[in-house]
Amino acid sequence: MAVEGGMKCVKFLLYVLVLAFWACSVGLIAVGVAVQFTMNRYIPIGSTTGSVVPVVIIAVGTFLFLVAFLGFCATCKENYCLMTTFAISLSLIVLVEIAAAIAGYIFREKVKSEFEKGFREEMKEYEKNNITTEFLDKLQKEFTCCGAANYTDWEQVPQLGKNKVPDSCCKNVTVGCGTAFKLMDINEEGCVEKIGNWLKQKALVLAGAALGITFVEILGVIFACCLMKNIRSGYEVM
């Protein structure tokens, strides 16, 4: 009876975890969409830097939603095969999340390098493409920055000429403020570093949330294995 009572508790906890997985899956999909929106807004046009990140987040969220449904069915029916499939699928999600975290850490500098490269390419198109002009002006205004590494990067854009930066580099943006500017009137710091620091802060929040989700998933695997053992032993848990 003690075993039976214990398994009833495990089964109840699995129901709770399944509900948590559904909530997490919806959250992951929402975060993936938000990340995609953010990258479309702040990552240079045509750049592939980190473009796989939101796709992975949405894919994991969708898969977790389906796995949670499988776990609900397996728990209700106390089916050994379904419960085994649930535990294996949940373990795969955990492995994918760990692999994604490791890959993100290893390639973080490459991502920054690709972002800077893309930003400099966009700078060359500043006077040629109105969409690029609006895009870079928006970034420089929002992040109070100028150029890729610093304001001197604009000297490498022939169309602007010497001693001139876009008006969006000015601390107080007015028409023509970037022509014959004074250093005290413009933002000297580059956008790559500022945007990079902003993204790091967001990434830390995501990493904390991902760690919490992974912990809950590991609990799910443990409880699923406990229930699998009980089902195989032939105990009645209902």
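## Basis of the description

The model is predicted: local features need pLDDT of at least 70 and side-chain atom pairs count only at pLDDT 80 or more, while totals for chains, interfaces and linings use all residues. Residues are numbered from 1 along each chain as its sequence is written, and side-chain values use heavy atoms, with hydrogens and water left out.

The structure holds 4 salt bridges, a salt bridge being a side-chain nitrogen of Lys or Arg within 4 Å of a carboxyl oxygen of Asp or Glu. One of them joins lysine 11 to glutamate 78, with 2.7 Å between the closest N and O atoms. This pair links distant parts of the chain, 67 residues apart: lysine 11 belongs to helix H1 (residues 2–42), and glutamate 78 to the loop between helix H2 (52–77) and H3. Helices here are DSSP runs (H or I, at least four residues), numbered from the N terminus.

Lysine 11 is buried, at 3% relative accessibility, and glutamate 78 is buried as well, at 17%. Buried means under 20% relative accessible area, exposed over 50%, and partly exposed in between (1.4 Å probe, protein chains only).

Glutamate 116 and arginine 120 meet in a salt bridge of 3.0 Å, N to O. About one helical turn separates them, because they are 4 residues apart in helix H4. Glutamate 116 is partly exposed at 24% relative accessibility, and arginine 120 is partly exposed at 27%. Together with Asp153, Glu116 and Arg120 form a network of salt bridges.

A further salt bridge connects the side chains of glutamate 121 and lysine 124 (3.5 Å, N to O).

## The crossing of H4 and H6

The axes of helix H4 (residues 108–124) and helix H6 (residues 191–233) come within 10 Å and cross at roughly 135 degrees. H4 is therefore oblique to H6. Angles under 35 degrees count as roughly parallel, over 145 as roughly antiparallel, 65 to 115 as roughly perpendicular, and the rest as oblique.

On the H4 side, the contact (heavy atoms within 4.5 Å) is made by Lys112, Phe115, Glu116 and Phe119; H6 contributes Cys191, Val192, Glu193 and Ile195.

## Cysteine 81

Cysteine 81 lies in helix H3 (residues 80–106) and is exposed, with a relative accessible area of 57%.

Key:
Axes are lines fitted to C-alpha atoms, for helices over the stretch in contact, and angles run from 0 to 180 degrees between N-to-C directions. Helices (H or I, at least four residues) and strands (E, at least two) are DSSP runs, numbered from the N terminus.
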